[in-house]
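Here is a short tour for anyone meeting this structure for the first time. Take a look at the model, then read on.

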Amino acid sequence: MRKELPKVYDPRQVEPRIYQMWMDGGCFKAEPNPDKKPFSIVMPPPNVTGQLHMGHALDNTLQDALIRWRRMQGYEALWLPGTDHASIATEAKVVNKLAAQGIKKSDLSREEFLKYAWEWKEEHGGIILKQLQKLGASCDWDRTAFTMDEIRSESVLKVFVDLYNKGLIYRGVRMVNWDPKALTALSDEEVIYKDEHSKLYYLHYFIEGEDKYIIVATTRPETILGDTAVCVNPNDPRYSFLKGKKVIIPLVNRVVPIIMDDYVDIEFGTGCL
């Protein structure tokens with residue numbers, strides 16, 4: 001008796017069974033093999049802040065195609081899976097979840113908060129791994145790593161200390177993007193920029209030893225106290241006479257040099273930065 005094929009392909013009837021067959025057969029496992037050329041891909045680890053999106057689907061599809069191609073060519077091919085912490089974003093998610101339960105982060109000890117954070121990771125990291133498997137990702141799942149687990153954390157610390165001792169990285173005073181809610185510094189990628197209409201403030205900077213002044217226009221008068229120089233464009237004829245001179249910062253009466261740099265926009269404000 002012939003069985004009618006369904007008119008529409010239903011992946012739920014086919015793909016889980018085939019994927020499980022691959023898993024049971026150890027098709028994705030990789031071990032050091034002197035008789036085969038090695039080939040490996042380390043998955044750019046998705047953050048444990050929620051679920052996968054279309055970008056992950058595209059990125060992992062490309063990796064899967066490459067790793068399967070190399071397997072068919074006879075390589076000992078390893079696709080190493082893992083998840084990333086995205087600590088600041090994850091913390092925000094955990095804090096919001098706790099707030100919904102009436103729990104304040106400030107009322108918790110470090111160990112108590114970490115317990116909740118790890119619970120979040122186990123829940124959402126697990127969702128992400130299951131989604132990758134639904135996509136058919138041919139990873140060696142026994143090697144799954146998390147960037148904040150003990151082995152990876154220890155490796156990161158070792159590398160950073162080693163780079164610091166070699167003088168390749170250093171700590172210094174820098175301007176940062178500060179999150180007043182999380183009380184931490186953020187990378188530029190975490191910052192949402194927006195344009196705002198604001199005012200220009202015009203201030204007199206007297207030239208040292210002369211009864212003349214230049215006018216500096218700024219949207220941030222509060223930064224005047226930290227001024228270390230005044231910059232003008234060398235192509236601006238209005239300020240060519242300032243070369244080599246110094247000016248006095250208003251309010252604090254500190255003497256700073258005039259510097260010339262074409263970074264300054266001649267058309268903005270007064271042309272003095």
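## The largest pocket

Seventeen is the number to start with: the largest pocket is lined by 17 residues, and Ser87, Phe113, Leu114, Ala117 and Met148 lie nearest its centre. A pocket here is an open set of points on a 1 Å grid over the protein atoms alone, where a 1.4 Å probe fits and protein lies on both sides within 12 Å along at least five of seven lines; lining residues have an atom within 4 Å of a point. Its volume is about 520 Å³, counted as the space filled by probe spheres set on the points.

Both α3 (87-100) and α4 (110-134) supply at least two residues of this lining, and α4 has the largest share, with 6 residues. Helices are DSSP runs (H or I, at least four residues) and strands are too (E, at least two), numbered from the N terminus. By class, the lining has 9 nonpolar, 4 polar and 4 charged residues.

## How the model is read

This is a predicted model, so local features need pLDDT of at least 70 and side-chain atom pairs count only at pLDDT 80 or more, while totals for chains, interfaces and linings use all residues. Residues are numbered from 1 along each chain as its sequence is written, and side-chain values use heavy atoms, with hydrogens and water left out.

## Two cores

The largest nonpolar core has 15 residues, and Tyr205, Ile214, Val230, Leu242, Val247, Ile258 and Cys272 touch the most other members. Two or more residues each come from β7 (201-207), β8 (213-218), β9 (230-232) and β11 (255-260), with β7 giving the most, 3 residues. Such a core is a set of buried Ala, Val, Leu, Ile, Met, Phe, Trp, Tyr and Cys residues joined through side-chain atoms within 4.5 Å.

Another core lies apart from it, with 13 residues, among them Met43, Leu52, Ala137 and Trp141.

Leaving aside neighbours within four places in sequence, His124 is in contact (heavy atoms within 4.5 Å) with Val48 and Gly50.

Arg152 sits in helix α5 and is partly exposed, at 31% relative accessible area. Not counting residues up to four places away in sequence, Arg152 touches Ala145, Phe146 and Thr147.

Notes
Ala, Val, Leu, Ile, Met, Phe, Trp, Tyr, Cys and Pro count as nonpolar, Asp, Glu, Lys and Arg as charged, and the others, Gly among them, as polar. Buried means under 20% relative accessible area, exposed over 50%, partly exposed in between (1.4 Å probe, protein chains only).
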